[in-house]
Amino acid sequence: MMQSFFVIIVLFVSRVSTSDPKDSQTSHSSSQSYFMSIWHNRLYLYSAAALVFGVWFSLKMTLKKKSLSGDVSSWVYKAVKNDDCSDRDAVIHVSRVKIFYGSQTGTAKGFATELSEEVKTLGIPAEVIDMKVYDPDDQLADECTNKSVCVFLVATYTDGQPTENAEWFCKWLEEASTDFRYGKTYLKGLRYAVFGLGNSVYVGHYNTVGKNVDKWLWMLSGVRIMTRGEGDCNVVKSRNGSVQADFLAWKVKFLKRLQALSKGERKSCSGKCKTGGSCKNKRKVGQEEEEKAALQNNSSEEDLVESSSDEEESSLQDEKKTGSVVDMEDLGNIMNGVKKAKSKEEDQGDGRMVKLSKLNGVRKSEDEEERREMITPSLREALTKQGYKLIGSHSGVKLCRWTKFVCCSPFLLSVPTTRHHTNPVGTEWRWKMDPAEKILQDSLEKHQNMIRQFRGVPGVKPERYKEGLAVKHCALSLVGEPIMYPEINAFVRLLHSHHISSFLVTNAQFPNEIRSLVPVTQLYVSVDASTKDSLKKIDRPLFKDFWTRFLDSLKALGEKRQRTVYRLTLVKAWNVEEMQAYSELIALGQPDFIEVKGVTYCGDSSASSLTMANVPWHQEVVAFVQQLADMLPQYEIACEHEHSNCLLIAHTKIDVFYMLNI
């Protein structure tokens with residue numbers, strides 16, 4: 001292009017030179033005239049140069065646009081052609097999901113395994129990790145950079161403490177959150193979600209571990225991908241009816257959030273930024289209204305158990321600030337506000353439950369119809385498999401093994417009220433209540449229906465069959481805490497009016513109710529341990545003053561002018577060495593009988609950590625009873641039943657021979 005430019009200039013100059021006849025005649029000054037011509041016609045030269053440059057630049061830009069358009073078309077064609085293998089070249093937003101669990105009875109571990117399988121169905125690798133074998137000091141910081149999502153399923157154990165396998169992890173996390181050597185950004189970039197397991201009956205410690213783990217991770221600048229979930233084992237207050245249903249609801253939300261993360265989507269802003277700054281992702285007003293309407297139409301199964309409220313996060317923000325203090329003059333106003341709020345909640349709560357101080361009253365609260373049934377669908381299924389014929393919303397009847405073998409009727413009816421491994425537990429009656437008349441009538445009917453199934457069975461004697469139809473004894477309750485039933489006194493009176501003896505078992509946590517209980521045929525108190533520590537370990541009581549209540553219950557038993565029994569359950573390696581302490585408790589209540597039995601292992605249970613190793617041999621139970629009887633001069637061994645792994649100690653004032661032959 002530049003060569004053409006010079007050729008044009010030369011031709012132009014030559015043309016100008018030949019057009020001047022005077023210059024052609026002067027040969028000696030040809031060179032001078034040549035340059036003079038160029039100088040005089042320089043304007044034309046400049047114009048020609050500009051014209052040529054403009055044409056050259058236009059041609060070059062046109063060719064460049066055509067080349068770029070061809071490349072873009074080629075890229076689009078390749079993208080469409082390689083659409084099937086785009087996953088290979090796509091950016092990975094979630095490399096894997098690590099599910100940490102802190103479990104004492106296996107529930108959280110089971111949830112972790114279940115969640116892992118669900119995550120794998122989304123095509124995302126998942127790993128279940130026991131907190132006990134994980135070293136957070138060396139490994140947790142790595143999760144901030146490898147694009148993983150960490151899920152923490154943690155249960156709250158006794159006194160709000162973490163489970164045994166999560167103790168070290170939680171201790172390290174707590175210390176790191178306040179240790180300046182780690183810094184507030186130690187876990188910056190860690191994406192996490194927390195689901196806590198607890199029981200709201202333990203008011204002061206409900207889901208403490210889950211709340212703390214969530215708080216500590218957040219204080220170390222971890223990124224919470226969704227609101228903390230809380231599973232409640234108390235079916236009365238559980239949002240979805242059980243801890244399993246609570247986890248299912250949370251899991252549905254988590255999987256949806258995980259899918260969004262894996263696609264690179266970011267959580268859209270709600271428009272309520274806590275920092276007070278301007279939001280770059282504010283939604284439109286119409287869009288917000290549509291989303292609110294959609295949320296209201298969601299089924300209860302998809303509702304989150306949300307507890308990380310705005311107020312809670314605001315308090316966490318305050319914890320991060322080093323200069324946040326409260327003036328002493330304002331402290332009184334703050335405490336008064338807290339007391340007023342607490343008293344308001346208590347006033348509202350009084351209208352929704354029947355207090356134990358009104359144990360034997362028949363008045364029902366206004367929202368009786370809104371209370372839940374004690375027997376949940378899952379519990380109903382479990383009890384039915386165990387042979388119970390359920391009655392109403394909180395009772396049932398079952399034939400004992402003596403009825404099945406000899407068709408007599410010593411312990412026939414059972415009213416499971418609060419504790420049957422997976423039974424709901426509580427410190428007061430919060431469920432729907434069936435009247436005593438209905439429970440007795442339905443129990444007798446169902447009992448007789450079960451007996452009639454033995455009619456015509458080879459080996460059943462007609463006289464025994466007839467005897468079995470007549471109910472003579474009722475056990476209240478082999479499971480549960482029957483003394484919590486508000487109409488227990490009315491029910492006992494009904495039994496006695498039908499000439500049915502009553503055997504009532506209580507867990508020694510309601511001394512006032514023991515004193516107000518009408519006389520029963522035989523009153524049992526379960527003495528599961530003889531010291532405060534061992535009782536706390538074995539029973540995991542609900543009351544903070546459980547030991548005071550326990551001792552007061554034994555005193556109340558001693559005040560009863562009727563036949564009383566201590567039930568001692570021996571748990572190997574837990575309470576078999578507490579001989580002296582047992583003798584002191586016996587002196588406190590002065591029972592007529594002491595029934596000593598080895599604990600029965602009923603398989604794995606989410607409510608107990610007992611194993612077969614905790615079941616004592618019968619010889620060990622016999623040795624224990626012999627030593628205990630030697631320490632009690634007013635008692636002696638009355639009888640023994642090896643099959644039941646049980647021995648009976650009787651007070652010397654009791655005519656044992658007469659009692660065993662009536």
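Is R96 buried, exposed or partly exposed? In this predicted model, R96 has a relative accessibility of 31%, so R96 counts as partly exposed. That makes a handy place to start, because the limits for this class are 20% and 50%. R96 also has a charged partner: a salt bridge joins R96 to E127, with 3.9 Å between the closest N and O atoms. Since R96 belongs to strand β1 (residues 96–102) and E127 to strand β2 (residues 126–130), the pair ties together parts that are 31 residues apart in sequence. E127 comes out at 32% relative accessibility, so E127 too counts as partly exposed.

Let us stay with the charged side chains for a while. The structure holds 18 salt bridges. One of them is formed by D159 and K536, whose closest N and O atoms are 2.0 Å apart. D159 sits in the loop between β3 (148–155) and α8 (167–178), while K536 sits in helix α20 (residues 532–539), so this contact ties together parts that are 377 residues apart in sequence. The relative accessible area of D159 is 39%, which means that D159 is partly exposed. K536, at 26% relative accessibility, counts as partly exposed as well.

Elsewhere, the charged groups form a network: salt bridges link D214, R224, R228 and E230.

R549 lies over the face of F543, 3.7 Å from the ring centre.

From there we can turn to contacts between rings. A pair of aromatic rings is described by the distance of the centres and the angle of the planes. How many aromatic pairs does the structure hold? There are 19 aromatic pairs. One of these is stacked: F111 and F247 have their centres 4.2 Å apart, with 0° between the planes. This pair links distant parts of the chain, as F111 is in helix α6 (residues 107–120) and F247 is in helix α10 (residues 243–262), 136 residues apart. Both F111 and F247 are buried. For an edge-to-face arrangement, look at Y182 and Y186, where the centres are 4.9 Å apart and the planes make an angle of 80°. Y182 has a relative accessibility of 24% and counts as partly exposed, and Y186 is partly exposed with a relative accessible area of 21%. Going back to F111 and F247, ring pairs join them with F195, W250 and F254 into a cluster.

Next comes the nonpolar interior. In soluble globular proteins, nonpolar side chains tend to be buried together. The largest nonpolar core in this model has 58 residues, and the members that touch the most others are F491, V527, L568, I594, V596, F624 and L628. Helix α21 gives the most to this core, with 6 residues. Apart from it lies another core, of 27 residues, which includes V94, V151, F247 and W250.

Our last stop is strand β12 (residues 522–527). Why is β12 described as largely enclosed by the rest of the structure? The reason is that 6 of its 6 residues are buried. In a regular strand the side chains alternate between the two faces of the sheet. In β12, Q522, Y524 and S526 point one way, and L523, V525 and V527 point the other way, all of them buried. V527 is also one of the residues that touch the most other members of the largest nonpolar core.

β12 has strand partners as well. Strand β11 (residues 501–506) runs parallel to β12, and 4 bridges join the two; within this pairing, F503 has Q522 as its bridge partner in β12. Together, β11, α19 and β12 make a right-handed β-α-β unit. β12 also pairs in the parallel sense with strand β13 (residues 564–570), over 5 bridges, and there Y524 has V565 as its bridge partner in β13.

How values were computed
Residues are numbered from 1 along each chain as its sequence is written. This is a predicted model: local features need pLDDT of at least 70, side-chain atom pairs count only at pLDDT 80 or more; totals for chains, interfaces and linings use all residues. Side-chain values use heavy atoms; hydrogens and water are left out. A salt bridge is a side-chain nitrogen of Lys or Arg within 4 Å of a carboxyl oxygen of Asp or Glu. Buried means under 20% relative accessible area, exposed over 50%, partly exposed in between (1.4 Å probe, protein chains only). Rings of Phe, Tyr and Trp (its six-membered ring) pair if their centres lie within 6.5 Å; planes under 30 degrees apart count as stacked, over 60 as edge-to-face and the rest as tilted. A charge sits over a ring if NZ of Lys or CZ of Arg is within 6 Å of the ring centre and within 35 degrees of the ring normal. A nonpolar core is a set of buried Ala, Val, Leu, Ile, Met, Phe, Trp, Tyr and Cys residues joined through side-chain atoms within 4.5 Å. Two strands pair if DSSP finds at least two bridges between them. A crossover is right-handed if, with the strands pointing away from the viewer, the path from the first strand over the helix to the second runs clockwise.
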